[in-house]
Amino acid sequence: MNFYESIATNYDHIFPLKQPQFNFVSSEFSSAINTILDVGCSTGSLAIKLAENDQNVFGIDLDQKMIHLAHEKAKNLNNLISFDPHNMTELQ
């Protein structure tokens with residue numbers, strides 16, 4: 001078991017998404033951008049918040065348990081968000 005898998009169920013309590021983080025990230029996108037890749041999405045908190053603001057978001061994370069938790073949290077946003085276990089060093 002790797003470190004992130006061991007903390008996955010408590011990840012949102014340890015590293016909660018804060019409004020300043022969301023504001024910073026969302027301020028970097030123009031209204032013309034409607035698809036975002038969240039690399040290292042962990043449990044998907046940022047990706048979900050972006051999708052709730054009508055962005056199409058694709059989140060990737062190496063840890064399978066984090067991706068599972070992200071899927072569970074985003075059940076009602078299926079048309080705007082998807083998650084996949086993927087290694088960011090293998091993106092092309």
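**A friendly note on the pockets and the sheet**

1. The lining of the second largest pocket holds four nonpolar, three polar and two charged residues (Ala, Val, Leu, Ile, Met, Phe, Trp, Tyr, Cys and Pro count as nonpolar, Asp, Glu, Lys and Arg as charged, the others as polar). The model is predicted, so local features need pLDDT of at least 70 and side-chain atom pairs 80 or more, while totals for chains, interfaces and linings use all residues. Numbering starts from 1 along each chain, and side-chain values use heavy atoms, without hydrogens or water.

2. Among the residues lining this second pocket are Asn2, Tyr4, Asp61 and Met66 (a pocket is an open set of 1 Å grid points where a 1.4 Å probe fits, with protein on both sides within 12 Å along at least five of seven lines; lining means an atom within 4 Å of a point).

3. The largest pocket has 14 lining residues, and Phe15, Leu17, Gln21, Ser42 and Leu46 lie nearest its centre. Seven of its lining residues are nonpolar, five polar and two charged.

4. Strand 2 (residues 56-61) pairs with strand 3 in the parallel sense through five bridges. Look for Ile60, which stands opposite Asp84 in strand 3.

How values were computed: Pairing = 2+ DSSP bridges. Helix = DSSP H or I, 4+ residues; strand = E, 2+ residues; numbered from the N terminus.
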